[in-house]
Amino acid sequence: MMGIYQIVNVKNGKKYIGSSNNITIRWEQHLNNLKYNTHHSYKLQEEWNKSSINDFHFSILEIVKDKKNLLIREQEHLDGLDIENSYNIVDSSSYKTMSAPQELINNMNYVKEMDDQTKSLLVKNLNVFIKDGSIKKIGNGKYDFSKTWFIKNTSEIKTLSNCISNYFKNKAKTCSKELAWTTFISYYGKVNGRGYTKSFIPMNGSIINDKRNNLCFAANCFFNGFTKRQFDLNIDDNTYALSILLKWIVNVSDINKQINVYLPAKRMEDLLNDWINKNKIT
């Protein structure tokens, strides 16, 4: 069902208005992002964290039959919205009118702006797991475990799950409270496995207090091409991938101690090893 929808806080009347080609799936995405504290609207996320799901009501404002009219109709609904008293960050349905959010800029540049002390500790303490015969060598393709790979290779996700389980059980050999793993939130439910399900930490999540130093980063990061075009960004995919990986490691682990990390995607493994070796020299 294609159309315009709204999320309303029944306690204060604040609204978030959006549009989608599939409203049902979009609502599930909103719920998933809010659950893992990664929603793009920081205003909605902040109030969601202080409330319960019963405080919010989701409804369809209008069914749109012609895709060409979708953003036009969304804009008309946004025009009648008090943007200062809403959860929408901007009052335009066109991303072309937006400047890149600061959080996005920070994520892209993290590896370049990292302070010397953090860099030195990571170079010293990071221990990248070397795949051997006991862990199946998977993820050798450039795009393996990217979002596109997950979409096209659903039958192979179980193999990834088994490798993660094998690593944590037979290599890390620690309890779930000392483990942390991540992947794209949309595929968390398919990748999780026995012994490590509850140790999931979103890759764009916040800093956690109970640090974990046995890690698995089960994703292969490429910057979204659509976002690149809309914000007219010139960014190197490898720089972006390293930034997401290193920021996640810093957020979840105690960098003053040895950090063991398993990277199923060879591209991510190579990027991290190259970064470590380069900074050891300098």
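Helices here are DSSP runs of H or I with at least four residues, strands are runs of E with at least two, and both are numbered from the N terminus. With that in hand, Ser146 sits in the loop between strand 4 (126-128) and helix 6.

Some ground rules. This is a predicted model: local features need pLDDT of at least 70, side-chain atom pairs count only at pLDDT 80 or more, and totals for chains, interfaces and linings use all residues. Residues are numbered from 1 along each chain as its sequence is written, and side-chain values use heavy atoms, with hydrogens and water left out.

The overall picture. The chain has eleven helices and seven strands. It runs to 282 residues, and 49% of them count as buried. Buried means under 20% relative accessible area, exposed means over 50%, and partly exposed is in between, with a 1.4 Å probe and protein chains only. Now contacts, meaning heavy atoms within 4.5 Å. Take those between residues at least 6 apart in sequence: 70% join residues at least 24 apart.

Back to Ser146. Is it buried or exposed? Ser146 has a relative accessible area of 4%, so it is buried. Its side chain reaches the backbone oxygen of Tyr143 at 2.7 Å. Setting aside neighbours within four places in sequence, Ser146 touches Phe184, Asn220 and Phe222.

Next, Thr154. This residue lies in the loop between helix 6 (147-152) and helix 7 (157-172). Thr154 counts as partly exposed because its relative accessibility is 45%. Lys190 is 36 residues away along the chain, yet the two C-alpha atoms are separated by 8.6 Å.

On to helix 5, residues 116-125. Asp115 caps its N-terminal end, with a side-chain oxygen 3.2 Å from the backbone nitrogen of Gln117. The buried residues of helix 5 are Thr118, Leu121, Leu122, Val123 and Asn125.

Last, a helix pair. How do helix 1 and helix 2 cross? The axes of helix 1 (residues 23-35) and helix 2 (residues 42-49) come within 10 Å and cross at roughly 65°. Axes are lines fitted to C-alpha atoms, for helices over the stretch in contact, and angles run from 0 to 180 degrees between N-to-C directions. Helix 1 and helix 2 are therefore roughly perpendicular, a label that covers 65 to 115 degrees. Which residues meet there? Leu31, Asn33 and Leu34 from helix 1 meet Leu44, Gln45, Trp48 and Asn49 from helix 2. That contact holds four nonpolar residues, three polar and no charged.

Conventions
Polar contact = N/O pair within 3.5 Å; in protein donor to acceptor, adjacent residues only side chain to side chain. Parallel < 35°, antiparallel > 145°, perpendicular 65-115°, else oblique. Nonpolar A, V, L, I, M, F, W, Y, C, P; charged D, E, K, R; others polar.
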